[in-house]
Amino acid sequence: MQRTVEVLFTLLRSELLREVLSENIKNLITPELKTALFSLSKKHDVAHLVADALDRNGLLDKQEKVSNLFLQERTMAVFRYERQNYELNEICRILEEEKIAHVPLKGSVIRDYYDEPWKRTSCDIDVLVDRKNLEDAKKALVKKLGYTTEQENTHDVSLWAPSGVHLELHYYLVEDYLSKGEVNVLKKVWHETVPAKGFVYRKVMTDEMFYFYHIQHMAKHFLIGGCGLRSFIDLWILNNKIIFDKEKRNNLLKKGELLVFAEKAELLSEIWFGTASHTPLTKDFEKYVLRGGVYGTQENRSLITRGKNKSKVAFFFSRVFLSYDELCFDYPKLVGRKWLYPFYTVRRWVDRLFKGKVKNFVAETKKANNLSEEEIAKTKKLLEDLNLI
């Protein structure tokens, strides 16, 4: 596993810096290692980057099954980019026509900093509109582009293009579980935007706000099980491929209580893709991130929960009786109706029973109870060192 990890980062660094691999590294990459590399890189949605690095260094053999799997990932990444980019341009065109201010978020922005935009994959398109314009934006996309609406959450609405592309139309970047500092920064997002070049209603965030939102999103996913390698590649690019004002970024991060997390995440990205060296903290950080993948794992989520000083009994009750904010995420209609909390708690139990999720709950609780005290203590220390508790 350690060799797989080391070679993975060598390949990703080669791709980011357009470096040629040494013969010693090439000789390590056997068909068996390629299979392990594919599994790990796929888990973190970077298999297309590894594929490009391998192909550029003459290490993909079309007679091998694993080589063809890598090539398929690269082809799919290009296809996903072209399809999403078309839809994003159409979305922005319609919102511009409707005179609705909007801000593209996340991957649709950061891919422009990659040497080739298809290299930054996304599972969906994220666009922010003001809450007061949400219904008009939805109606316009449904009427003019044939989008269909799905569920509305506490901060966004899911829509689907006829092509199958998923759009998350955000109307709020603030979620109830966030710290006071994060809330105070994100509430001012519209004050930190300017018109995109050639547009009036399409907006872009200032560099420091975009960077803050990226760090905040990483921290959010870290706390629910993992934030994936892709976020760290983004982070490295934001720190090495563009001109920025470090003081402005840090001032905003400090206001949002995320400066410590940002500094440690930046260090880890420089260890992986630059020349920095590991510390005991970054080794634990690395282990957690690699284990979590793009979407996180139940083991990581359980470790985080137990690391926040929850006993086995407290953990059990925290899963049986979700907090009001957590329950709102599953049932958006509960928002603003706290008096319905008992009803929706019972409804959740019934839903879990009839949707076959009881076994998952039992397995989740059993896994949480079987975590080693050493791992729980390590996770608690990691949370403290990252200033996340």
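**A walk through the predicted model**

At 35% relative accessibility, W349 counts as partly exposed (buried means under 20% relative accessible area, exposed over 50%, and partly exposed in between, with a 1.4 Å probe and protein chains only). The model is a predicted one, so local features need pLDDT of at least 70 and side-chain atom pairs count only at pLDDT 80 or more, while totals for chains, interfaces and linings use all residues. Residues are numbered from 1 along each chain as its sequence is written, and side-chain values use heavy atoms, with hydrogens and water left out.

W349 is found in helix 17 (helices, H or I with at least four residues, and strands, E with at least two, are DSSP runs numbered from the N terminus). Together with F317, F321, V346 and V350, W349 makes a nonpolar surface patch of about 430 Å². Patches are made of residues with over 30% relative accessible area and no salt bridge; like charges are joined within 9 Å, and nonpolar side chains (Val, Leu, Ile, Met, Phe, Trp, Tyr) within 5 Å. The areas themselves come from the Shrake-Rupley method with a 1.4 Å probe, and for residues only the protein chains shown count as cover. Helix 17, residues 341–354, gives the most to this patch, with three residues.

Next comes helix 12. This helix has 15 residues and reaches 21 Å from its first C-alpha to its last, close to the 21 Å expected at 1.5 Å a residue (the expected span is 1.5 Å times one less than the number of residues). Its buried residues are F261, A262, A265, E266, L268, S269, I271, W272 and F273. They pack against helix 1, helix 9, helix 10 (228–240), helix 11 and helix 13 (280–292). F273 lies in helix 12, which covers residues 259–273, and with 2% relative accessibility F273 counts as buried. Neighbours within four places in sequence aside, F273 is in contact (heavy atoms within 4.5 Å) with F9, L12, R13, L16, L17, F232, I233 and W236. Take L16: it sits 257 residues from F273 along the chain, yet the two C-alpha atoms are separated by 7.9 Å.

Helix 7 can be read in the same way. Running over residues 134–145, helix 7 has 12 residues and spans 16 Å from first C-alpha to last, close to the 16 Å expected at 1.5 Å a residue. L134, A137, K138, A140, L141 and L145 are buried in helix 7. They cover an arc of only 165° around the axis, which puts them on the same side of helix 7; the arc is that of the directions from the helix axis to the C-beta atoms. An α-helix has 3.6 residues a turn, so residues three or four places apart point the same way. The buried residues of helix 7 pack against helix 5 (65–97), strand 2 (125–129), strand 3 (148–152), strand 4 (156–160) and strand 5 (166–170). On the face turned away from the buried side sit the exposed residues K139 and K143. Just after helix 7, G146 takes a positive phi of about 75°.

As for charged pairs, the structure holds 27 salt bridges (a side-chain nitrogen of Lys or Arg within 4 Å of a carboxyl oxygen of Asp or Glu). In one of them, the side chains of R18 and D115 meet at 3.9 Å, N to O. R18 lies in the loop between helix 1 (2–17) and helix 2 (23–28), and D115 in the loop between helix 6 (107–110) and strand 2, so the pair ties together parts that are 97 residues apart in sequence. R18 is partly exposed at 38% relative accessible area, and D115 is partly exposed at 48%. R18 also has a phi near 60°, a positive value in a residue other than glycine.

Another salt bridge joins R249 to D207, with the closest N and O atoms 2.9 Å apart. This pair also links distant parts of the chain, with R249 in helix 11 (residues 246–255) and D207 in helix 9 (residues 207–222), 42 residues apart. R249 is buried, with a relative accessible area of 0%, whereas D207 is partly exposed at 23%.

D385 and K381 form a further salt bridge, at 2.8 Å from N to O. Being four residues apart in helix 19 (residues 373–385), these two are separated by about one helical turn. D385 is partly exposed at 26%, and K381 is partly exposed at 49%. Elsewhere, salt bridges that share partners join E15, R18, D52, D55, R56, R74, D115, E116 and K119 into one network.

Finally, N387 lies in the segment after helix 19. N387 has a positive phi of about 60° although it is not a glycine, and at 38% relative accessibility it counts as partly exposed.
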